[in-house]
Structures are given as C-alpha cells and as structure tokens.
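Here are my notes, as numbered points, on the salt bridges and on one helix packing. Please read them alongside the coordinates.

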Amino acid sequence: MNELNPELVKDFSEAQELTGKKKYHESIKRYEIILKKYPNLVTAIYNIGLNYEHLGLLDKSLYYYQLCCDKAPKQKVLLNGLGNIYYLQKNYLKAIEIFEQSYNIDNRQENMIERLASSLVEAKFTKRAELFLKDTLKVFPNNTYLNSLMGYNLLSLNRHKEGLDFIKKGTGFIEFNNDSMKII
C-alpha cells in the first residue's frame with residue numbers, strides 16, 4: 001500500500017482550511033499548485049470546482065466538475081456536484097441526465113433526489129415527475145420538500161384536491177376556528 005506524501009497532506013489540508021475560511025481564491029491557487037505535481041488528483045480538481053461554485057463562478061465550476069466526471073465516471077459525489085451546477089444554471093434537462101446517473105448508482109440520496117424531482121417539475125415533465133415522486137415518497141414519506149413538489153406538480157395537472165393534500169403535508173396549513181388555531 002502506498003503511503004501518502006506528507007507534503008501533499010499538508011498542502012491539501014491548508015487548501016481545505018482556506019476554503020473553510022472562505023478564502024476561495026487562495027484555496028484555488030493552493031489546489032492548482034497541488035495539481036502541478038498530481039495532475040490526476042480528482043479530489044483537488046473537485047475542490048477547485050467547489051471553490052468556484054462558492055464564488056458564484058458556475059461556468060468555471062462546471063468545467064472542473066466535468067473534468068472530475070471524465071476522470072472518475074460513476075462517482076455519485078462528483079455527479080451530484082456537476083448536476084447541481086446545471087440545476088443552478090437552470091439547465092434542467094442536463095441536470096436530470098446527470099442526477100439520473102447518480103440515482104442509478106444509489107437511489108437513497110435524499111438531497112440529490114430532491115434536486116432530480118425539482119428538475120423534473122421545472123422542466124414541466126409533469127407525468128414523469130408524478131411517477132418519480134410517487135415512488136420516492138414511498139421511501140421518504142415525511143420529506144416536506146418532496147411532498148410540496150408533488151403538490152405543485154399535481155396542481156399543474158389540474159388535480160387540485162390531491163395537490164392541496166400534498167402541499168398540506170409539505171408546508172402545513174393554519175386553520176382558524178373561532179378562538180383557536182390549529183396547524184394542519
């Protein structure tokens with residue numbers, strides 16, 4: 001088994017610390033130095049993408065996340081990072097494609113599933129979104145966001161009663177009766 005290079009560990013830790021301190025530009029520079037010595041170190045490439053994402057430079061982040069996925073395909077963390085950028089850019093069709101790859105690797109990732117479901121709704125794939133949400137809510141029945149998405153999706157299908165029931169599960173409603181208040 002190969003031992004980790006102590007210099008690499010030190011440099012990597014310093015770069016991570018800079019990210020934690022929100023010194024994203026400095027962190028990127030540290031990771032770029034690491035990549036000169038270790039050009040295929042996917043975690044360093046990913047962390048550069050993450051820093052660019054924190055800076056709001058989504059196109060640069062997208063480049064690094066895509067590079068990661070090219071070097072290490074079928075890694076759910078990398079796919080989720082890439083899918084998230086497409087989602088933030090409102091490129092829902094591409095986000096769906098990437099999140100579905102991640103879903104096929106592990107179908108119990110609640111955060112990714114929320115993004116996939118939201119992408120389906122945003123892309124107006126209402127029937128597909130309904131089927132996906134129906135299956136997903138069997139696994140995560142108490143997820144308020146997924147319940148709300150199902151509600152909004154059903155409303156868009158003119159199924160108002162069903163939609164309202166899901167929205168109630170997701171967001172809750174306040175009912176006033178004479179002198180009392182009840183959260184539904």
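1. In this predicted model, the count of salt bridges comes to 11.

2. Within helix H1, which spans residues 6–20, the side chains of Glu-14 and Lys-10 meet in a salt bridge with an N to O distance of 3.0 Å. The two residues lie four apart, about one turn of the helix. Glu-14 has a relative accessibility of 26% and therefore counts as partly exposed, and Lys-10, with a relative accessible area of 48%, is likewise partly exposed.

3. Lys-161 counts as exposed because its relative accessibility is 60%, where the cut-off for exposed is over 50%, whereas Asp-165 is partly exposed, with a relative accessible area of 31%.

4. The salt bridge between the side chains of Arg-128 and Glu-100 has an N to O distance of 2.3 Å. Arg-128 belongs to helix H8 and Glu-100 to helix H6 (residues 92–105), so this pair ties together parts that are 28 residues apart in sequence. Both partners are partly exposed: Arg-128 has a relative accessible area of 38%, and Glu-100 has a relative accessibility of 29%.

5. How do helices H8 and H9 pack, and at what angle? Helix H8, residues 126–139, and helix H9, residues 144–156, pack at an angle of about 150°, and their axes are 10 Å apart. Since angles over 145 degrees count as roughly antiparallel, H8 and H9 are therefore roughly antiparallel to each other. The crossing in which H8 passes H9 is left-handed.

6. On the H8 side, the residues that meet H9 are Thr-126, Ala-129, Glu-130, Leu-133, Lys-134, Thr-136 and Leu-137. Their counterparts in H9 are Leu-146, Asn-147, Leu-149, Met-150, Asn-153, Leu-154 and Ser-156. By residue type, this contact of H8 with H9 divides into seven nonpolar, five polar and two charged residues.

Definitions and conventions: Residues numbered from 1 in each chain as written. Predicted model: local features only at pLDDT ≥ 70, side-chain atom pairs only at ≥ 80, totals over all residues. Heavy atoms only, no water. Axes fitted to C-alpha atoms, helices over the stretch in contact; angles between N-to-C directions. Parallel < 35°, antiparallel > 145°, perpendicular 65-115°, else oblique. Left-handed = near helix turned anticlockwise from the far one by under 90°. Contact = heavy atoms within 4.5 Å. Nonpolar A, V, L, I, M, F, W, Y, C, P; charged D, E, K, R; others polar. Salt bridge = Lys/Arg side-chain N within 4 Å of Asp/Glu carboxyl O. Buried < 20%, exposed > 50% of the residue type's maximum accessible area, 1.4 Å probe, protein only.
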